Amino acid sequence: AAIKQVEVDNRQDMSDDDIIVVLTKMTKQRKDALSQFEQAGRDDLAVIEKAELAIIEEFLPTALSEAELQSAIADAIQETGASSQKDMGAVMNVLRPKVQGRADMGAVSSQVKAALSS
């Protein structure tokens, strides 16, 4: 339903990459809600969020392993010639299309920052 809503709102068909972005956003929403429900002791609602999250994740590409992610980060840093944190935007722009939906972008950002700091 969320994919169809975006198509209607934008009046265009979505590409596979666009769909992955929507599914990734939905995954993040479910994880945030799950965390809040668990903190509030609402196990009944947490179960529903877990089930929805499992269904959404079936449609996402296979997650990258830690080694694959580190390799992709190193390749992006080399490709952009990045040498400091001020180059982080360029690195993330190269990485995003390669890892979107296959890794948590917040974690990727932290790892890029750490790699550029050393």
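**Helix packing in the predicted model**

Helix 5 passes helix 6 in a right-handed crossing (right-handed if the near helix is turned clockwise from the far one by less than a right angle, left-handed if anticlockwise; helices are DSSP runs of H or I of at least four residues, numbered from the N terminus). The model is predicted, so that local features need pLDDT of at least 70 and side-chain atom pairs count only at pLDDT 80 or more, whereas totals for chains, interfaces and linings use all residues. Residues are numbered from 1 along each chain as its sequence is written, and side-chain values use heavy atoms, with hydrogens and water left out.

The axes of helix 5 (residues 88-99) and helix 6 (residues 105-117) come within 11 Å and cross at roughly 140 degrees, where axes are lines fitted to C-alpha atoms over the stretch in contact and angles between N-to-C directions run from 0 to 180 degrees. Helix 5 is therefore oblique to helix 6 (angles under 35 degrees count as roughly parallel, over 145 as roughly antiparallel, 65 to 115 as roughly perpendicular and the rest as oblique). In the contact (heavy atoms within 4.5 Å), M88, V91, M92, L95, R96 and V99 of helix 5 meet M105, V108, S109, V112, K113 and L116 of helix 6.

For helix 2 (residues 16-39) and helix 3 (residues 43-58), the axes come within 9 Å and cross at roughly 160 degrees, and the two helices are therefore roughly antiparallel to each other. Their crossing is left-handed, and the contact is made by residues including L23, M26, L34 and F37 of helix 2 and L45, L53 and I56 of helix 3.
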